[in-house]
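Student: I'm new to this one. Could you show me how to read it, feature by feature?

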Amino acid sequence: MRLPRLPFHQIGEQLNMPTAIAQAAAWRVAAELIRRHPEDLFAIEMHQGTGQYDCLSIFQRDDQFGSPIIQMNQAQFGHISPRSYEGDPELRHNWLDVLLSENLREDVIIPLEQCEGLPTPPETPATTRQTIGPRVIAEALAGNLMSTKRLVASNGVHDSSGMFGSGVCREDFEAFDAMVDQLREADDDRLDAHPAYRFWFLRYVAREATKPVLGIDTWNGIVWSKGSAAGDLMSMYDAADRDIASLTAQLLK
């Protein structure tokens, strides 16, 4: 299926988008897709090709083959590549398509759903425990773009095709005393059953330079911050009058 092209698509094909902007755009798309398909989709971080790519990868929970349906490469000249992509530049969006879209759902989200055979809901469902975490991450990254301190998101597993230090990022879990127990759950080889994949961390600057400031269980809507026990994101969201920007600002204070 050929995706509709926005007028500035060709310009975007020539741009080397900064990683911070690409990551914020990728999470904007991921959060919306997961929000529209809360029981079906989840996101992990992948570095395929022995680390050549930096992808926010969208999986279906019941996919027995463990193949992402959408890859969002945040590396140089990255794109959003649906699983059906066959090398045609017209079959994938670039980051300028996302950033300059006047209607993200019509221009990007619905075409991706149609391309990969996902049902298109008549309206976006209300925020739930499965979707509040991705929304917080997307809001945090977007709100931080103009800051002098770069905020980045990283997954609980460093997945690099089994190469160069792949494995659970234990040091991130250990940054929060209350999160250590999360690593004691049983897991198996399925991505949707491995507990560490559902956790994401937000930190300033680079992974090697600073410890995370937030840890988020994106499947169950739980958040950890320095010096505090696990918090219920949905309760916090309700207390913030269901305003995602207010909630995110409170978490990052």
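Student: How many helices and strands does the protein chain have?

Tutor: Helices (H or I, at least four residues) and strands (E, at least two) are DSSP runs, numbered from the N terminus. Here the protein chain has nine helices and twelve strands. This is a predicted model, where local features need pLDDT of at least 70, side-chain atom pairs count only at pLDDT 80 or more, and totals for chains, interfaces and linings use all residues. Residues are numbered from 1 along each chain as its sequence is written, and side-chain values use heavy atoms, with hydrogens and water left out.

Student: How do I read a pair of packed helices?

Tutor: Two packed helices are described by the angle between their axes and the distance between the axes. Axes are lines fitted to C-alpha atoms, for helices over the stretch in contact, with angles from 0 to 180 degrees between N-to-C directions. Take H2 (residues 19-36) and H6 (residues 129-143): their angle is about 160 degrees, and their axes lie 8 Å apart. That makes H2 roughly antiparallel to H6 (over 145 degrees).

Student: Which residues of H2 and H6 make the contact?

Tutor: Contact means heavy atoms within 4.5 Å. Among them are Trp27 and Ile34 of H2, and Pro134 and Leu141 of H6.

Student: Is Cys55 buried or exposed?

Tutor: Buried means under 20% relative accessible area, exposed over 50%, partly exposed in between (1.4 Å probe, protein chains only). Cys55 is buried, at 4%, and Cys169 counts as buried with 4% relative accessibility. Of the 253 residues in the protein chain, 54% count as buried.

Methods
Parallel < 35°, antiparallel > 145°, perpendicular 65-115°, else oblique.
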